[in-house]
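Thanks for coming. I have one structure to go through this morning, so please look at the sequence and the model before I start.

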Amino acid sequence: MVSTCNISLDLLRAPVLDTDALRQAFPIFAANPDLMYLDSAATSQKPQLVLDTIEQYFAKNCANAGRASYSWSSQLQNAIESTRQKVASFINCQPNNLAFTSGATESLNTVAMAWGLFNLADGDEIMLCPKDHKSAILPWYNLQKILAAQGKQISIKHFGIHEVGDYELKEIKAGLSPKTKLIALTHVHHVFGLDMEIPEIRGIVGPDVLISLDASQSIGHEPIDVVGLTCDFMSFSGHKMFAAPGVGGLYVHDRAKDAMQPIKLGGKSPVSVSGGLKVEAKNLGELLEVGTQNIPAILSLGRAVDFINEIGQQNIQKHVSNLTVYLWQKMKDLPGVYFAPGIGVCGCEEGFGILAFRLEQVASSDLAFTLDAEDIFVRSGDHCAYLQDKGKEDAAEAQDDYIRVSMHAYNTFDEIDQFVQVLECVIKN
Ligand SMILES: Cc1ncc(COP(=O)(O)O)c(C=O)c1O
């Protein structure tokens with residue numbers, strides 16, 4: 001992973017995507033011509049076809065899906081199922097193994113509750129990285145508390161981040177034991193922005209430990225293949241991949257799916273209650289989806305997948321990678337810039353759209369305000385990460401409040417040039 005990349009700026013700028021044309025698909029940029037949106041890891045902007053899909057549902061054929069005998073209702077149910085097929089093929093799984101959720105946070109909580117609550121026994125262990133997003137780690141602490149109330153003690157073992165920004169593999173190796181049942185991993189870290197080499201970690205943990213993968217920051221940026229990633233669960237949000245907020249997905253491998261129990265029941269749940277509650281779900285959707293779903297958001301996810309496929313996942317990946325490497329190359333010699341682990345430290349030849357840093361002498365929250373005054377939107381603050389026990393030696397590092405720049409297909413090299421010019425002005429003054 002460690003390399004000090006020196007690809008020429010001109011080579012990085014060689015066009016992969018027609019960003020002028022692409023930006024025209026996003027009405028937000030025409031409405032805000034001065035906007036420099038560098039916060040796509042928080043949420044992406046939405047293309048017109050996604051907005052049209054949502055409007056069409058509310059303005060032209062609003063009904064509940066599959067609840068009535070009239071045509072709109074069955075058409076909407078069919079549209080949800082064809083969206084499921086489309087999203088399943090986008091991540092290389094069967095539709096039976098994919099449930100729609102409200103987003104990554106709900107998916108990650110569902111893994112802990114619908115699988116963990118019913119399958120972890122007293123003495124079992126799970127592993128996670130406390131520097132991952134809180135949505136990926138807090139559900140396990142919550143589960144630990146719930147299981148403790150039932151008299152079962154599970155251990156949560158930590159592994160850390162290597163100084164360059166990927167997982168500390170030797171800590172994973174050292175933490176494993178015959179009691180390890182699951183490891184929670186993130187595909188691309190939301191602050192450090194590196195690909196965490198999941199297949200390599202599968203090699204370390206072996207075939208029996210389940211992998212719960214948070215793909216929130218990789219889906220929509222690069223091709224995602226749950227088979228190649230060797231994960232048992234994979235969680236993601238639609239709103240980070242051009243769809244509306246309020247929809248996400250949970251993929252579950254058969255071996256884990258068969259061990260799950262529903263944590264919510266209602267509306268369409270396939271249950272019988274005579275002789276005790278029995279749930280007979282034929283697929284993951286039936287097991288986990290209850291009540292009226294977020295129909296327009298689900299439909300928007302299908303259109304977002306069409307949009308990404310039309311641009312080409314590899315093209316998005318290459319363009320975003322070039323932007324990230326370009327940004328790092330332009331920033332690396334600025335005085336007083338401290339990079340967070342990630343491309344800024346490893347100097348990798350490939351980037352995933354995220355670079356985090358801070359400036360000597362300027363608090364990141366102040367810098368974020370200065371950038372805001374220039375219509376440059378970035379993220380500052382705690383980034384929903386760094387769950388630390390007080391007193392741990394890396395608590396000081398936990399205080400680092402970085403500015404996170406995060407980019408997507410619609411960002412341009414001219415924006416990066418302008419961004420770096422603004423930084424240079426801030427540094428000089
Ligand atoms: C890595 C990661 N996981 C989980 C989440 C939670 O996503 P959501 O708020 O869409 O549920 C985020 C959101 O920023 C994230 O970056």
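Two remarks on the source. This is a predicted model, in which local features need pLDDT of at least 70 and side-chain atom pairs count only at pLDDT 80 or more, while totals for chains, interfaces and linings use all residues. Residues are numbered from 1 along each chain as its sequence is written, and side-chain values use heavy atoms, with hydrogens and water left out.

Let me begin with the strands. Helices (H or I, at least four residues) and strands (E, at least two) are DSSP runs, numbered from the N terminus. Two strands pair if DSSP finds at least two bridges between them.

Take strand 3, residues 125-128. Are its two faces covered or open? Both are covered: Glu125 and Met127 are buried on one side, and Ile126 and Leu128 are buried on the other.

Strand 3 pairs with strand 4, residues 155-158, in the parallel sense over four bridges. Here Glu125 has Ser155 of strand 4 as its bridge partner. Strand 3 also pairs with strand 5, again parallel, over three bridges. On that side Glu125 stands opposite Thr180.

Strand 5 covers residues 180-186, and it is largely enclosed by the rest of the structure because six of its seven residues are buried. Strand 5 goes on to pair with strand 6, residues 210-214, in the parallel sense over five bridges. One of the bridges there joins Leu182 to Leu210 in strand 6.

Now the two backbone angles. Glu197 is not a glycine, yet its phi is positive, about 55°. Glu197 sits in the loop between strand 5 and helix 9, residues 198-205. Its relative accessibility is 33%, so Glu197 counts as partly exposed.

Phe242 also has a positive phi without being a glycine, and its value is near 80°. You will find Phe242 in the loop between strand 7 (233-237) and strand 8 (248-252). Is Phe242 buried or exposed? Phe242 counts as buried because its relative accessibility is 0%.

Next, the salt bridges. A salt bridge is a side-chain nitrogen of Lys or Arg within 4 Å of a carboxyl oxygen of Asp or Glu. How many salt bridges does the structure hold? The structure holds 18.

Arg255 and Asp232 form a salt bridge, with their closest N and O atoms 2.8 Å apart. This pair links distant parts of the chain: Arg255 is in helix 10 (residues 254-257), Asp232 is in the loop between strand 6 and strand 7, and they are 23 residues apart. Asp232 has a relative accessible area of 2%, so it is buried, while Arg255 is partly exposed at 37%.

The second pair is Glu168 and Lys170, whose side chains meet at 3.3 Å, N to O. Glu168 is buried at 13%, and Lys170 is exposed at 59%.

Asp333 counts as exposed at 64%, and Lys332 as partly exposed at 30%.

The network of salt bridges links Arg13, Lys330, Asp414 and Asp417.

Last, the surface. Patches are made of residues with over 30% relative accessible area and no salt bridge, where like charges are joined within 9 Å and nonpolar side chains (Val, Leu, Ile, Met, Phe, Trp, Tyr) within 5 Å. Accessible areas come from the Shrake-Rupley method with a 1.4 Å probe; for residues, only the protein chains shown count as cover.

Which residues form the nonpolar patch on the surface? They are Leu265, Val271, Val273 and Leu277, with about 370 Å² of accessible area together. Leu277 is in the loop between strand 9 (271-272) and strand 10 (278-279), and it is exposed, with a relative accessible area of 53%.

Lys278 is found in strand 10. With a relative accessibility of 43%, Lys278 counts as partly exposed.

That is the end of my list.

Key
Buried < 20%, exposed > 50% of the residue type's maximum accessible area, 1.4 Å probe, protein only.
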